[in-house]
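Welcome! Take a moment with the structure below, then try each exercise before you read its solution.

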Amino acid sequence: MAQDTTPDQPNVLVVLTDQQRWDTVGAYGSPMDLTPALDDVAADGTRFEAAVTPQPLCGPARSCLQTGQYATESGCWKNGIPLPDDADHLLARRFADAGYRTGYVGKWHLADTVEEPVPAGRRAGYRDWKAADVLEFTSHPYDGTVYDEDGDPVELDGYRVDALTDLMVSALESTAEPFFRVLSHLEPHHQNDMETFVAPDGYAERHRHNPWIPPDLRDRPGDWYEELPDYYGICERIDESFGRLLGALEREGIAEDTVVVFASDHGCHFRTRPGEYKRSCHESSVRVPLVFCGPGIESDQVVESPVSLLDLPPTLLDLAGIDVPDEMQGHSLVPELTGRDGRPDGASERPDAAFVQISESQTGRALRTDRWKYAVAAPSEHGWQGGLDEPASDVYVERHLYDLRADPAERVNLVSRPEYAAVREGLRERLLARIETVEGERPDVVPFAEPGFREY
């Protein structure tokens, strides 16, 4: 269906995956050839080399993408906390107020209705709706249910990635006005009640023999040995479905009028780090793919400096010519995407390091610069299992320091090395400044080597 759009009011389509590592994508250096469609989009648009989630956990990360706020600001700092729905700065509401048709398909994880339909008052301004709150509880890889605008069940037909893509294709074929739509896959997240990753039939077998093992996983414990073939097969099928979406845009004659964004909420380290899949400061947990293409976006461009997924909401509004509300804590990436500010490097006013809040496994904070990863955590013997269930702490202990240039796989923790004391001190001050800016508090940070830490 033809649409009336203008260069200042493009369509916007966001494809969000769950728990997808950046290095599954060919454009980021994967040798597996899993993502030819996304690789083509990266060549036609802009790829952010060091995109970092502000919270490596499903619900909090998604709250950041709907609010443009850190999870402690919105209140959604752990899973199971519903997104406040009475705010004018919510992303879909801003698009709707500007005349956009809004729609959402897939996993929501922001209503705390779990297996029950998400009521209209907990959809953050999305009008068209084919989603479930915690999709892994209402579906399996080959069967399940989402719910429509009226709360009626919609049965998923076929592999879940394909079924959700079909729902979005149908929406694209029936929308006349400028749209803002989100397709939120559960994959490649593991199926919780099965405790495993499930590729479509026949896809894991393609990668069973001699799959590429990312350097951070090699020789480590965890379940990567068993799970990587399915994980890779899922990523391959996601890319095929992404290609179908791009084809639908072409058939409808709206590809040139549509900004397309591909991202993931957080990564996956296959239980090699804190014994689970995410909830840590490590690259495999916080670093994600982030690719843009569409009208006005530079082609075949790579932005090397760190950016935060918190920057995505203000960027989408800015690309659509919609004022970015003051409540959003992210920064528009439009200068990087378009170079419109005239500076040769396309730099914006955003911070030069990504700030990460970590919850549930720990109460932690981290800073990711172009070279360093520095992370602290509240002292606790057992993390969340020991009752540490707070959004923030008034004291943190240094836990991790990595030199990402020398050690991109983060295999050597430098936090206790005396020769890096000056580096730690500088990063400590930078992290404290970010905590104070974001959270309005300036906690104490205890150096790793001080007495009192090792008992933990």
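Here are some exercises, each with a worked solution.

Before you start, note that this is a predicted model in which local features need pLDDT of at least 70, side-chain atom pairs count only at pLDDT 80 or more, and totals for chains, interfaces and linings use all residues. Residues are numbered from 1 along each chain as its sequence is written, and side-chain values use heavy atoms, with hydrogens and water left out.

**Exercise 1. Helix H7**

Solution: 
- Step 1: Helices (H or I, at least four residues) and strands (E, at least two) are DSSP runs, numbered from the N terminus.
- Step 2: Following H7 comes Gly253, with a positive phi near 70°.

**Exercise 2. Two helices side by side**

Task: Work out how the axes of H6 and H7 cross.

Solution: 
- Step 1: Two packed helices are described by the angle between their axes and the distance between the axes.
- Step 2: Axes are lines fitted to C-alpha atoms, for helices over the stretch in contact, and angles run from 0 to 180 degrees between N-to-C directions.
- Step 3: The axes of H6 (residues 160-173) and H7 come within 10 Å and cross at roughly 10°.
- Step 4: Angles under 35 degrees count as roughly parallel, over 145 as roughly antiparallel, 65 to 115 as roughly perpendicular and the rest as oblique.
- Step 5: H6 and H7 are therefore roughly parallel to each other.

**Exercise 3. Buried or exposed?**

Task: Decide whether Asp219, Glu360 and Asp403 are buried or exposed.

Solution: 
- Step 1: Buried means under 20% relative accessible area, exposed over 50%, and partly exposed in between (1.4 Å probe, protein chains only).
- Step 2: Asp219, in the loop between E9 and H7, has 74% relative accessibility, so Asp219 is exposed.
- Step 3: Glu360, in the loop between strand E15 (354-358) and strand E16 (364-368), is at 8% and so counts as buried.
- Step 4: Asp403 lies in strand E18 (residues 395-403) and is buried, at 5%.
- Step 5: Leaving out residues up to four places away in sequence, Asp403 touches Arg371, Trp372, Pro408 and Leu414.

**Exercise 4. Cysteines**

Task: Count the disulfides in the whole structure.

Solution: 
- Step 1: A disulfide is a pair of cysteine sulfur atoms within 2.5 Å.
- Step 2: The search of the whole structure finds 0.
- Step 3: For Cys76, the nearest cysteine sulfur belongs to Cys64, 8.7 Å away.
- Step 4: For Cys268, the nearest cysteine sulfur is that of Cys235, at 9.3 Å.

Definitions and conventions. Contact means heavy atoms within 4.5 Å.
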